Amino acid sequence: MPTPPPQPFTFTRKQSASNKTPRQINRNLVFNLIRTRQPISRADLARVSGLQRSTISLIVEDLIRERWILEGSTGRLPRGRRPTFLELNHQRAVIALDIHPSQTTVAVTDLGGKIVAQNVVDLPGDPDKAITSIVTAIRKLMADHADKSFDGIGISLPGRADPKQKRPIFAPNVNWPMQSLQSKIHRATGLRVEMENVANACALSEVWFGDSDGLNDLVVVNVSEGIGTGIFSNGRLLRGANGMAGEFGHVEMQHDGHSCGCGSRGCWETVASNRAGLRYYAEISGRRAPSSFAALIKLAQADDPDALKALEKMSRFLGRGLRMIASALAPNEIVIVGDITSAWHLFGPKIEEELKQNAFSNAPKLRPSFEGNTARLRSAVALVMNQGLN
């Protein structure tokens with residue numbers, strides 16, 4: 001049986017429902033309740049949603065017919081009819097791509113965001129060969145999981161994409177033409193391809209999978225080779241003209257500082273990104289920096305004094321930049337995505353301390369992302385499932 005075309009679901013998980021509310025909103029709520037509370041019975045859905053059982057039954061039957069959800073095991077009650085529990089259809093899946101300048105992670109995720117399989121692809125320097133390597137990895141994963149029904153491909157992009165022209169327009173840390181990536185992947189797989197800036201994608205993912213309810217404003221800061229920010233306000237992404245809202249990583253922090261990929265000097269990402277942390281280690285220790293930021297984190301977790309000093313310096317600059325965001329946008333919360341979250345117990349307090357320095361008002365809540373190490377991959381599900389909402 002062919003899979004029906006996906007209909008978008010809303011990001012707001014705590015939306016009030018009513019039997020007078022438009023049916024699509026009620027459908028969104030019921031689907032999200034099943035996703036976040038599975039396995040769950042129809043009776044419990046009616047109880048937690050406030051909808052009548054007849055309304056729940058109609059929506060559930062639609063979702064079963066469209067194969068978004070399945071009926072699973074049955075429960076036991078002291079008396080009366082045994083309830084049948086509902087859960088997501090885990091045979092439906094999404095291909096997730098996490099693009100970095102020198103490597104890409106390609107994964108299969110289910111609709112609940114669980115990563116079923118993943119491969120890391122080292123990218124050759126030649127742009128055409130890099131795209132070919134990515135396409136080959138996608139097709140191999142699809143072949144290895146031929147039992148899955150793929151709803152689409154979501155790409156977390158280290159750059160800004162023009163939402164109207166559907167192409168990247170600003171990617172200072174990548175030297176190959178990502179504008180051809182979307183079309184080539186679509187032609188090779190036949191699947192719909194949704195491409196979004198990684199910070200924006202992770203902002204959507206925080207609402208879809210994480211602790212944010214979609215009602216309060218939040219800013220996601222992705223700390224990687226560079227620094228990107230995604231702004232979720234009034235129930236949707238804030239994009240600005242040409243999709244360029246949120247480029248705080250390219251605000252000057254140090255006059256005549258280090259050169260930045262954008263062409264300026266002393267940008268926030270030159271002092272607070274993963275690259276900055278590795279540079280600090282080399283400067284402090286007088287030795288060659290580790291081969292990766294993850295390796296630097298491991299040194300710090302092993303109490304290497306130079307690694308601890310390097311990452312503390314990076315954290316201080318990260319916190320100062322967050323203070324800029326808090327003053328400019330006054331969000332309810334700021335969420336950090338990236339490898340630094342794996343050592344949050346060491347460096348989170350230092351970042352927060354800088355954030356709260358000389359604050360004009362109460363500082364926003366600061367926290368690491370929900371399952372920070374996989375946030376960029378999980379965001380692909382939000383991109384595919386919620387296409388067309390923004």
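**Chatting about helices and a sheet**

Q: Hi! How do the axes of helix α4 and helix α5 cross?
A: Hi! In this predicted model, the axes of helix α4 (residues 127-144) and helix α5 (residues 181-189) come within 10 Å and cross at roughly 35°.

Q: Is that crossing left-handed or right-handed?
A: The crossing of α4 and α5 is right-handed.

Q: Which residues meet there?
A: From α4 you have Asp-128, Ile-131, Ile-134, Val-135, Ile-138, Arg-139 and Met-142. Their partners in α5 are Leu-181, Lys-184, Ile-185, Ala-188 and Thr-189.

Q: And how many of the contact residues are nonpolar, polar or charged?
A: In the contact of α4 with α5, eight are nonpolar, one is polar and three are charged.

Q: OK, new topic. What is the strand order in the open sheet?
A: The sheet has five strands, in the order β13-β12-β11-β14-β15, and their pairing is mixed.

Q: Which strands are at the edges?
A: Those are β13 (236-237) and β15 (365-368), and each of them pairs on one side only.

Q: What joins β12 to β13?
A: Two bridges do, and strand β12 (residues 227-233) runs antiparallel to β13.

Q: Which strands does helix α10 touch?
A: Helix α10 (residues 305-329) packs on the sheet and touches β11 (218-223), β12, β14 (333-337) and β15. The direction of α10 makes about 155° with that of β11.

Q: What about helix α11?
A: Helix α11 (residues 344-355) packs on the sheet too, touching β14 and β15. The direction of α11 makes about 155° with that of β15.

Technical notes. Residues are numbered from 1 along each chain as its sequence is written. This is a predicted model: local features need pLDDT of at least 70, side-chain atom pairs count only at pLDDT 80 or more; totals for chains, interfaces and linings use all residues. Side-chain values use heavy atoms; hydrogens and water are left out. Axes are lines fitted to C-alpha atoms, for helices over the stretch in contact, and angles run from 0 to 180 degrees between N-to-C directions. Helices (H or I, at least four residues) and strands (E, at least two) are DSSP runs, numbered from the N terminus. A crossing is left-handed if the near helix is turned anticlockwise from the far one by less than a right angle, and right-handed if clockwise. Contact means heavy atoms within 4.5 Å. Ala, Val, Leu, Ile, Met, Phe, Trp, Tyr, Cys and Pro count as nonpolar, Asp, Glu, Lys and Arg as charged, and the others, Gly among them, as polar. Two strands pair if DSSP finds at least two bridges between them.
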